[in-house]
Amino acid sequence: MSPINKQAWKNIAASINAHGYNLSADNCYVKWIGLKKKYKILKDANNKTGAAKQSWEYFDIINEMLMNKPEIAPLSIASSSRGFQLNQSDSNSNKEMGETSSSTNGEENENVEMHIESTTSAQNRTIRKRKSQTPTWVEDLIAQRQGHHERNYAQRERLLLLLEKYINK
């Protein structure tokens with residue numbers, strides 16, 4: 001905690017103590033860290049699918065204070081699957097108009113992009129589905145196995161014909 005923050009927490013503790021409590025600046029700081037941690041856990045849990053939404057009486061208050069902080073809502077996200085994306089808090093951003101700010105590494109022709117409205121914010125996100133491209137070695141292996149299967153099938157047919165001739169003699 002920096003000296004400026006220490007002074008801020010001392011002022012907060014003094015304000016709280018004026019209401020009949022007995023807290024130190026460190027107590028207030030630790031309590032704030034705990035509140036932030038609980039907020040982040042609930043926010044992450046509520047953003048996951050398949051689970052019931054969790055609530056907390058202080059969530060909305062803490063959300064108003066932290067929702068624009070970079071540690072909660074990063075300014076940009078870099079992902080190996082989605083590329084680089086800028087988060088924009090402006091509700092009339094270019095993303096809502098169908099433009100994306102994600103950069104791709106030359107795979108524009110290989111990917112199909114869809115724009116999906118997020119249920120938790122007013123931002124669009126781009127999901128790219130890769131087109132299936134089978135490597136040539138896999139195609140060669142499949143062709144080799146198909147040829148092997150056809151040769152085995154032909155050999156079995158010849159064996160059955162020979163057995164049929166032998167039985168009919």
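On one side of helix H3, Asp60, Ile61 and Glu64 are exposed (over 50% relative accessible area, with a 1.4 Å probe on protein chains only; buried means under 20%, and partly exposed lies in between). This is a predicted model, in which local features need pLDDT of at least 70, side-chain atom pairs count only at pLDDT 80 or more, and totals for chains, interfaces and linings use all residues. Residues are numbered from 1 along each chain as its sequence is written, and side-chain values use heavy atoms, leaving out hydrogens and water.

Q: Which residues of helix H3 are buried?
A: Helices are DSSP runs of H or I with at least four residues, numbered from the N terminus. In H3 (residues 59-66), the buried residues are Phe59, Ile62, Asn63 and Leu66. They lie on the same side of H3 because they cover an arc of only 105° around the axis, taken from the directions from the helix axis to the C-beta atoms.

Q: Why does Asn63 count as buried?
A: Asn63 counts as buried because its relative accessibility is 18%. Its side chain joins that of Tyr39 in a polar contact of 2.5 Å (a pair of N or O atoms within 3.5 Å, one able to donate a hydrogen and the other to accept it; residues adjacent in sequence count only if both atoms are side-chain atoms).

Q: What covers the buried residues of H3?
A: Contact means heavy atoms within 4.5 Å. The cover includes helix H2 (25-47). Leaving aside neighbours within four places in sequence, Asn63 is in contact with Tyr39 and Lys43.

Notes. Helix = DSSP H or I, 4+ residues; strand = E, 2+ residues; numbered from the N terminus.
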